[in-house]
Amino acid sequence: MPRRRVALALTAAAVLSGCAAPVSLPPGELAADPVCARVLQATPDVLGGLERRSTTTQAATAWGDPAVTLRCGVAPPGPTTDRCLSVDSGVGTAVDWIALEGDDPDLPEHARQGGGSWTFITYGRRPAIEVVVPVEQVGGQPTAALVDLAGAVSLVRAERACVGATDA
């Protein structure tokens, strides 16, 4: 009889731990774009050791707790002087990302909550993709998630690329 109770308790704990609440995110204005479905299907089930979690919105996914989030279909940023990072996609192209600072007016509300985060938005792709990495999940390199996601993100065709002050 005690073994049965222990087994039931362990089963209940396993079920409850797998039933974490979905991550609540607002949808991007272009979330219904069909390419977003392809991007989400191509994202990894495990990102930097973090297991995938469900979300409450279309064209979004998340990993871990606190969650690293990806939203496809956000409004593409226009020309900017924000810092731009170019990440190799592993398929012969690079994905350009704008790194938003904590006081940037384009910083999404869900990225402002909690103890801080890094926010990246693709540059030169429509629809744009946003990745928010909480400080607690950085592990020394906030751009590591961008490397792991570059292959999926590269499914959105690049129309423009970042240029520097020395590019003419």
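## Elements of the chain

Helices (H or I, at least four residues) and strands (E, at least two) are taken here as DSSP runs, numbered from the N terminus. On that basis the chain has four helices and eight strands. The structure is a predicted model.

Read from the N terminus, the elements follow the order α-α-β-β-β-β-β-β-α-β-β-α. The chain holds 168 residues, of which 40% count as buried. Among contacts between residues at least 6 apart in sequence, 58% join residues at least 24 apart.

## The sheet

The eight strands form an open sheet with antiparallel pairing, in the order β1-β2-β3-β4-β8-β7-β6-β5. β1 (46–47) and β5 are at the edges with a single partner strand each, so one side of each has no neighbour in the sheet. Strands of a sheet pair through backbone hydrogen bonds, and the pairing can be parallel or antiparallel.

Two hairpins involve β2. β2 and β3 form a hairpin with six residues between them, where A59 in the turn has a positive phi of about 60°. These strands also pair in the antiparallel sense over two bridges, with A62 in β3 as the bridge partner of R53. Elsewhere in the sheet, β6 pairs with strand β7 (residues 117–122) in the antiparallel sense over four bridges. I98 stands opposite I121 in β7.

## Helices on the sheet

α2 lies across β2, β3, β4 and β8, and runs at about 160° to β4. α4 also packs on the sheet, where it touches β1, β3, β4, β5, β6, β7 and β8. The direction of α4 makes about 70° with that of β5.

In soluble globular proteins, nonpolar side chains tend to be buried together. The largest nonpolar core here has 29 residues, and W97, I129 and V131 touch the most other members. At least two residues of this core come from each of α2 (34–42), β4 (68–74), β5 (84–88), β6 (94–100), β8 (128–134) and α4 (144–153). α4 gives the largest share, six residues.

What does W97 touch, not counting residues up to four places away in sequence? The list is R83, C84, L85, V87, F120, I121, T122, Y123, I129, V131, L146 and V153.

R53 lies in strand β2 (residues 50–53). Is R53 buried or exposed? Its relative accessible area is 19%, and the cut-off for buried is under 20%, so R53 counts as buried. The side chain of R53 reaches the backbone oxygen of A21 at 2.7 Å. Leaving aside neighbours within four places in sequence, R53 is in contact with A20, A21, P22, V23, T61, A62, W63, G64, D65 and A67.

R53 also forms a salt bridge with D65, with the closest N and O atoms 3.7 Å apart. This pair links distant parts of the chain, 12 residues apart: D65 is in the loop between β3 (60–63) and β4, and R53 is in strand β2. D65 counts as exposed at 66% relative accessibility, whereas R53 counts as buried at 19%.

## Other salt bridges

Side chains of opposite charge can pair when their charged atoms come close. With a side-chain nitrogen of Lys or Arg required within 4 Å of a carboxyl oxygen of Asp or Glu, the count comes to four salt bridges.

One of them joins the side chains of D45 and R52 at 3.4 Å, N to O. D45 is exposed at 55% relative accessibility, and R52 is partly exposed at 29%. Another is formed by R157 and E159, with the closest N and O atoms 3.7 Å apart. R157 is exposed, with a relative accessible area of 59%, and E159 is partly exposed, with a relative accessible area of 46%.

Definitions and conventions: Residues are numbered from 1 along each chain as its sequence is written. This is a predicted model: local features need pLDDT of at least 70, side-chain atom pairs count only at pLDDT 80 or more; totals for chains, interfaces and linings use all residues. Side-chain values use heavy atoms; hydrogens and water are left out. A nonpolar core is a set of buried Ala, Val, Leu, Ile, Met, Phe, Trp, Tyr and Cys residues joined through side-chain atoms within 4.5 Å. Buried means under 20% relative accessible area, exposed over 50%, partly exposed in between (1.4 Å probe, protein chains only). Contact means heavy atoms within 4.5 Å. A polar contact is a pair of N or O atoms within 3.5 Å; within protein, one must be able to donate a hydrogen and the other to accept it, and residues adjacent in sequence count only if both atoms are side-chain atoms. Two strands pair if DSSP finds at least two bridges between them. Axes are lines fitted to C-alpha atoms, for helices over the stretch in contact, and angles run from 0 to 180 degrees between N-to-C directions.
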